[in-house]
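Q: I would like to go through this structure with you before I set anything up. Could you take my questions as they come?

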Amino acid sequence: MGPQHPSTHGVLRVVLKLDGERVTGSECVIGYLHRGVEKIAENRTYQQFAPYVDRMDYVAAVSNGLGYCEAIEKLLLVEAPPRARVIRTILTELQRIASHLLWLGTHALDIGALTPLFYCFREREEILKILEKYCGARLTTHAFRIGGLQYEAYDTFEKDVERFCKDFESRVVEYETLLTNNRIWIGRTKGIGILSAEDAIAFGVTGPVLRASGVKWDIRKAAPYAAYDQYQFEIPVGTTGDTYDRYLVRMEEMRQSRLICLQAIENIPPGPILAKVGKVLKPPPGEVYHAIEGPKGELGYYVVSDGTVQPYRVRIRPPSFINLQAFDRMVRGHLVADVVAIIGTIDIVLGEVDR
Amino acid sequence: MADEPKQPQPPAVPTGEKPASTPSPVSTPTAKTSAPGAPAPPAKPSAPAPPKPPVVLQTPLDNEMVSRFRAKFGGAILEAMEDRKQAILIVDRARLAEIALYTRDEEKFEMLSDLTAVDWPKREKRFDVVLNLYSFARNERLRLKAHAADGEEVPSVVGVWLAADWLEREVFDMFGIVFTGHPNLKRILLPDEWQGYPLRKDYDILQQDTAWVRENLGIESGQ
């Protein structure tokens with residue numbers, strides 16, 4: 001199957017071993033989008049590399065940027081000012097909603113439900129408009145800078161976010177009326193692609209996929225970064241770890257992200273938005289591993305500095321790449337028609353898988 | 001497809017005009033000489049500025065966990081340290097799999113977050129194989145490192161954490177480090193027939209397998 005199949009969301013080739021209609025084994029062939037991002041990092045300065053990270057998970061560029069900037073800040077031993085941290089949190093949560101919406105629309109489309117896509121893109125558009133008003137770009141945003149932010153929040157930023165959040169509450173209900181109790185949807189997702197908690201941990205699976213298997217673990221709670229320690233939100237978990245559970249977990253996560261945004265816009269502290277980091281960044285020699293909870297799972301940056309203006313090594317721990325490893329375990333024993341459901345439910349972005 | 005980034009409103013990327021915009025090693029010394037003289041460093045909380053004593057970032061680590069490791073493995077734990085408050089254990093390459101199993105079962109680091117490598121070509125043992133671990137039970141992270149010379153094989157940890165399968169393949173692909181005991185060690189991101197290991201420091205950023213490109217893509221490399 002693939003590499004250019006509409007359900008693979010990019011260029012993923014899956015070699016399936018079949019017994020009639022049943023899948024007895026699989027192998028993912030990846031690398032079609034490999035650009036050598038980690039090599040590029042070693043040949044750029046710390047600031048110059050920042051826009052490149054947006055091009056890995058290109059539907060959640062803001063999250064990538066947050067992880068990178070925070071990792072370098074840790075390496076430099078600086079902290080972004082409180083105001084920057086809150087604005088970062090708002091934008092990252094909006095991006096999480098946008099990423100989940102794109103997932104929901106395309107996942108439903110793969111399974112045969114055409115309508116949700118249009119609803120999802122309607123709301124996603126609102127988020128992209130906010131991002132565009134904030135930094136001028138919709139997808140590859142480069143919204144953050146090492147040490148804080150480049151741009152102050154625009155005049156009606158809070159109002160725009162608030163209006164989106166107000167509307168969004170009823171919008172999630174709309175998606176749910178289309179899918180949650182839909183018999184076809186349940187038939188196509190319940191009991192499909194079950195991943196046990198033990199397997200999920202052994203495969204290093206993180207994010208909504210891990211939580212749907214019943215592991216209550218979210219880096220926003222386990223090791224809070226940005227301004228997450230100031231807000232209250234729940235971590236939704238599933239019970240069986242099937243495709244339907246992963247759907248429910250992501251739906252609830254969108255609701256929780258909305259609550260975080262509402263809490264955050266109530267009180268954006270005044271003050272500077274950029275810490276004093278200087279124009280030439282030369283982190284003291286050493287290394288750091290920093291992980292954030294991206295929309296797809298643990299997004300980690302392992303950065304080694306040798307004291308010069310260029311990173312000695314940047315290793316990106318891509319959640320999509322590692323989650324995709326569990327695909328074989330999830331797909332065995334299912335029908336060919338379920339393969340697209342399982343690829344969709346892992347929520348991969350090939351730009352991040354291949355880097 | 002409708003999501004092409006539109007024209008940015010603010011002026012071009014502001015971090016562009018850095019002295020090291022040319023990715024050549026020449027840029028490094030110029031930056032080095034200019035920075036200490038500039039008035040900026042004292043404002044930087046991190047930089048080892050002249051008036052302040054240099055910040056010690058790497059400190060030896062000696063806690064109960066390290067003692068347990070030392071008691072169990074003795075000389076195989078080469079070094080225990082902290083860098084920016086993150087725990088690092090440097091272990092003997094030959095006993096890596098055994099130490100990994102103990103770390104998972106006894107110290108409860110159930111998840112392998114990441115496995116990668118770093119190349120230090122001037123060192124006698126040029127590669128660091130780096131494992132970033134996470135413990136759900138303790139909500140802690142730990143980094144295991146093993147040194148390996150070019151051509152030296154590293155024991156695979158696929159038997160300990162299944163996640164290591166693709167990660168070790170990627171390290172093999174990018175660095176050419178062979179993991180003994182790996183069930184399916186072949187390239188993962190690059191084509192199987194590709195020659196060379198791109199993330200080695202002696203592999204230039206513009207370098208590529210020109211013969212492969214010519215044969216399979218039908219173009220001269222550099223196009």
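Predicted model: local features only at pLDDT ≥ 70, side-chain atom pairs only at ≥ 80, totals over all residues.

Q: Where is A:I201 found, and is it buried or exposed?
A: A:I201 is found in helix α8 of chain A, which covers residues 197–202. A:I201 counts as buried because 22 other C-beta atoms lie within 10 Å, and the cut-off for a buried residue is 20 or more.

Q: Let us step back to chain A. How many helices and strands does it have?
A: The secondary structure of chain A comprises 15 helices and 7 strands. Its C-alpha atoms fill a box of roughly 65 × 45 × 35 Å along the principal axes.

Q: How does the radius of gyration relate to that of a compact globule?
A: For 355 residues, a compact globule would have a radius of gyration near 20 Å, and chain A has 20 Å, which agrees. Buried residues make up 59% of chain A. Of the contacts in chain A between residues at least 6 apart in sequence, 72% join residues at least 24 apart.

Q: And what are the corresponding figures for chain B?
A: In chain B, 28% of the 223 residues are buried. Residues 24 or more positions apart account for 41% of its contacts with a separation of 6 or more.

Q: What is the order of elements along chain B?
A: Chain B has 5 helices and 8 strands, and along the sequence they follow the pattern α-β-α-β-β-α-β-β-β-β-α-β-α.

Q: Back to chain A and its helix packing. How do α4(A) and α5(A) pack?
A: Helix α4 of chain A, residues 82–111, and helix α5 of chain A, residues 115–135, have axes 9 Å apart and pack at an angle of about 155 degrees. These two helices, α4(A) and α5(A), are therefore roughly antiparallel to each other. Their crossing is left-handed.

Q: Which residues make that contact, and what classes do they belong to?
A: Among them are A:L91, A:L94, A:I97 and A:L101 of α4(A), and A:L117, A:F121, A:I127 and A:Y134 of α5(A). By class, the contact of α4(A) with α5(A) has 18 nonpolar, 2 polar and 2 charged residues.

Q: What about α3(A) against α4(A)?
A: Helix α3 of chain A, residues 61–76, packs with α4(A) at an angle of about 140 degrees, with the axes 8 Å apart. That angle makes α3(A) oblique to α4(A), since roughly antiparallel requires an angle over 145 degrees. The crossing of α3(A) and α4(A) is left-handed. The contact is made by A:V62, A:S63 and A:L66 of α3(A) with A:R88, A:L91, A:T92, A:Q95 and A:R96 of α4(A). By class, this contact has 3 nonpolar, 3 polar and 2 charged residues.

Q: And α14(A), how does it cross α4(A)?
A: Helix α14 of chain A, residues 336–346, crosses α4(A) at roughly 175 degrees, and the axes come within 9 Å. The helices α4(A) and α14(A) are therefore roughly antiparallel to each other. In α4(A), A:T106, A:H107, A:D110 and A:I111 meet A:V340, A:A341, A:G344 and A:T345 of α14(A). That contact has 3 nonpolar, 4 polar and 1 charged residues.

Q: I am also checking backbone torsions. What is phi at A:A226 and at B:K85?
A: Phi of A:A226 is near 45 degrees, a positive value in a residue other than glycine. Phi of B:K85, also not a glycine, is positive too, near 65 degrees.

Q: Where do they lie, and are they buried or exposed?
A: A:A226 lies in the loop between α10 (219–222) and α11 (243–266) of chain A, and it counts as buried because it has 25 C-beta neighbours inside 10 Å. B:K85 lies in the loop between β2 (77–83) and β3 (86–91) of chain B, and with 10 C-beta neighbours inside 10 Å, B:K85 counts as exposed.

Q: Finally, how many residues of α5(B) are buried, and what follows that helix?
A: Helix α5 of chain B, residues 210–217, has 8 residues, of which the number buried is 0, so it lies largely in the open. It is followed by B:G218, whose phi is positive, near 70 degrees.

Technical notes
Residues numbered from 1 in each chain as written. Chains lettered and ligands numbered in written order. Helix = DSSP H or I, 4+ residues; strand = E, 2+ residues; numbered from the N terminus. Rg over C-alpha atoms; globule rule 2.2 N^0.38 Å. Buried ≥ 20, exposed ≤ 12 C-beta atoms within 10 Å, placed from the backbone. Contact = placed C-beta atoms within 7 Å. Axes fitted to C-alpha atoms, helices over the stretch in contact; angles between N-to-C directions. Parallel < 35°, antiparallel > 145°, perpendicular 65-115°, else oblique. Left-handed = near helix turned anticlockwise from the far one by under 90°. Nonpolar A, V, L, I, M, F, W, Y, C, P; charged D, E, K, R; others polar.
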